[in-house]
Amino acid sequence: MSNDLLRADALAAGYGPVPVLHGVDLSVPLGTITAVIGANGAGKTTLLRTLSGMLRPTAGRILLDGKDLRGTPVEQLVRRGVAHVPEGRGVIGELTVEENLRLGALWRRDRAAAARALDEAYQLFEPLARRRRHLGHQLSGGERQMLALGRALVGRPRLLLLDEPSLGLAPKVVAQTMALLRQLRDDTGLTVLLVEQNVRSALAVADQGIVMSLGRVVLAAPAAQLRDDTDLRHAYLGF
Amino acid sequence: MDRFLFLTLDGLSRGAVLAAFALALVLIWRAGRIVNFAQGAMAVAAAYVAYSVTAATGSYWLGFAAALVAGLLLGVVVDVAVMRLVDHRSPLNPVIVALGLVLLIQAVLGMVYGNEYLPARAPFSRTALTVGGTAVLSPYDLFVFGTVGVVGAALVWIFTRTAIGLRMRAAAFAPEVSRLLGVNVGGMLTLGWALASGVGALAGMLVIPTELGLHPHAMDLVFVSAFTAAVVGGLDSPPGAVVGGLGVGLLLSYVSGYAGGDLIPLAVLALLLTVLLLRPGGLFAPVTARRV
């Protein structure tokens with residue numbers, strides 16, 4: 001029995017007749033950070049969209065905690081403990097910071113716990129507390145990042161899927177984000193699957209690295225090995 | 001001056017109904033990016049339900065309640081049984097389907113109830129009260145203001161203060177993100193249709209007694225005016241719909257009072273054309289959100 005929180009077996013998916021993923025296998029152990037890296041068009045975003053059910057797989061299966069996730073409607077995913085922060089972070093610009101955050105916890109039955117989670121999010125991301133009444137589209141890139149992460153965290157997920165958290169952000173903000181992920185993993189046992197083009201910052205924080213190319217997993221290795229083994233890096237990451 | 005005051009008050013009363021009807025159009029536009037051209041016909045159908053219930057029970061208020069319920073249900077049916085099945089990739093598709101619904105609803109109503117005017121009773125006197133020798137508002141006008149005010153306040157409360165309202169707004173602005181956050185986007189859209197159709201039915205109940213009576217085509221001209229009001233305000237803006245409705249109501253009242261009732265359709269179309277030419281987004285068009 002493995003301790004994988006998420007597993008995908010021979011996963012295939014695509015848009016219409018165009019296949020994008022070709023038999024992707026991956027496993028994300030509980031309480032670890034896995035970084036999926038690869039060039040543009042490698043299928044990273046498609047992989048996340050398939051895992052969260054926004055795109056139906058044409059073959060293969062997805063197991064969360066050993067239970068099949070296919071057939072779970074997207075809107076039920078948060079109730080299974082999966083939070084997906086989509087590409088571009090998905091902050092709703094027409095809603096205020098407070099409304100965006102509340103939305104993340106709205107599905108929770110336990111109102112008191114949801115309110116506590118909201119307070120914690122404001123403590124974790126202090127700039128958000130100062131901008132509660134501001135609209136999403138008035139926020140800076142870094143604040144949006146905080147809001148997107150905060151909104152995912154108020155749902156108390158076990159698994160966090162992140163699509164390019166470094167996109168369009170200053171290096172300092174990227175470093176803060178990665179440090180926060182590590183802290184969440186260490187303190188709360190959060191499992192993270194993140195997709196990145198920013199290989200260095202992703203591998204700096206990840207436990208496992210998965211290299212994708214043209215819709216296939218070409219390498220899955222401990223992140224430390226990918227960081228330190230020059231031959232591997234040259235062969236698969238090109239630097 | 002008396003005449004001007006009377007026309008202004010009459011225009012505001014008429015405008016309040018148009019505002020409610022425009023609000024119904026705005027609700028559906030915001031929820032699903034559909035201009036519901038069938039809104040008028042759906043409201044008439046609800047008014048016929050009220051007519052039947054009132055005829056059977058003798059109570060205006062039971063009929064009034066039945067119209068609201070019928071409006072809500074009709075909204076659900078139109079969304080689930082018709083609009084869901086329409087391919088929304090071209091914005092023209094739902095428009096054509098809505099126009100088809102108008103024909104269908106009006107034909108069915110004509111077959112069931114006949115194509116002649118049925119009397120539509122007003123629950124309060126429509127004779128204007130006089131204050132100091134000046135004819136001002138009728139009790140019915142006050143009823144209209146009160147009802148539209150309550151409905152408007154209720155909508156504001158639902159959308160800004162309740163969890164379901166937050167879900168509805170989120171689902172409209174960002175359906176995919178909302179689903180990832182656990183919002184049942186399809187359900188919210190259906191709820192939006194129900195609310196809009198209910199508000200439309202209410203507006204129909206309020207306006208029909210002030211016109212010629214109940215007829216399958218009773219809301220045709222009202223729809224044009226309310227559509228103009230919604231466009232004047234900007235289809236995306238609920239406050240715009242209210243201001244647009246009151247503005248169009250005043251315009252219609254002044255035109256019919258000073259120039260003649262025959263010119264009303266012409267005035268509405270001229271206003272619609274002017275707004276579309278000068279400010280197609282409407283007076284209350286929001287600043288387009290910056291996306292990063």
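Start with helix H1 (residues 2-32) and helix H8 (residues 185-207), both of chain B: they pack at an angle of about 165°, their axes 8 Å apart. The axes here are lines fitted to C-alpha atoms, for helices over the stretch in contact, and the angles run from 0 to 180 degrees between N-to-C directions. Helices (H or I, at least four residues) and strands (E, at least two) are DSSP runs numbered from the N terminus. That angle makes H1(B) roughly antiparallel to H8(B); the scheme is under 35 degrees for roughly parallel, over 145 for roughly antiparallel, 65 to 115 for roughly perpendicular, and oblique for the rest. The crossing of H1(B) and H8(B) is left-handed, a term used if the near helix is turned anticlockwise from the far one by less than a right angle, with right-handed used if clockwise.

On the H1(B) side, the residues that meet H8(B) include Val17(B), Phe21(B), Ala24(B) and Ile28(B). Their partners in H8(B) include Leu189(B), Trp193(B), Ala196(B) and Val199(B). Contact means that the C-beta atoms of two residues, placed from the backbone, lie within 7 Å. The residues of this contact of H1(B) with H8(B) divide into 17 nonpolar, three polar and no charged. For these classes, Ala, Val, Leu, Ile, Met, Phe, Trp, Tyr, Cys and Pro count as nonpolar, Asp, Glu, Lys and Arg as charged, and the others, Gly among them, as polar.

Before going on, the provenance. This is a predicted model, in which local features need pLDDT of at least 70 and side-chain atom pairs count only at pLDDT 80 or more, while totals for chains, interfaces and linings use all residues. Residues are numbered from 1 along each chain as its sequence is written, and chains are lettered from A and ligands numbered from 1 in the order in which they are written.

H1(B) also packs on helix H10 (238-259) of chain B. The axes of H1(B) and H10(B) come within 6 Å and cross at roughly 140°, which makes H1(B) oblique to H10(B). This crossing of H1(B) and H10(B) is right-handed. By class, the contact of H1(B) with H10(B) has 16 nonpolar, nine polar and three charged residues.

Next, H2(B). Its 19 residues should span 27 Å at 1.5 Å a residue, and its end C-alpha atoms are 27 Å apart, which agrees; the expected span is 1.5 Å times one less than the number of residues. H2(B) is mostly covered, with 14 of its 19 residues buried. A residue is buried if 20 or more other C-beta atoms lie within 10 Å of its own, exposed if 12 or fewer, and partly exposed in between, with C-beta atoms placed from the backbone. The axes of H2(B) and helix H3 (residues 60-82) of chain B come within 7 Å and cross at roughly 145°, and the crossing is right-handed. Just after H2(B), Gly58(B) takes a positive phi of about 80°.

What covers helix H9 (residues 220-233) of chain B? The cover over its buried residues includes H1, H2, H8, H10 and helix H11 (264-278) of chain B. Eleven of the 14 residues of H9(B) are buried, among them Phe223(B), Phe227(B) and Val231(B). H9(B) is followed by Gly234(B), whose phi is positive, near 95°.

Now the two chains together. In contact are 23 residues of chain A and 19 residues of chain B. On the side of chain A that touches chain B, helix H2 (residues 97-105) of chain A gives the most, with four residues. That side of chain A divides into ten nonpolar, eight polar and five charged residues.

Last, some backbone details. Most residues other than glycine have a negative phi. Ala10(A) has a positive phi of about 45° although it is not a glycine, and lies in strand E1 (residues 4-15) of chain A. With 13 C-beta neighbours inside 10 Å, Ala10(A) counts as partly exposed. Arg33(B), also not a glycine, has a positive phi near 55° and sits in the loop between H1 and H2 of chain B. Arg33(B) counts as partly exposed, with 13 C-beta neighbours inside 10 Å.
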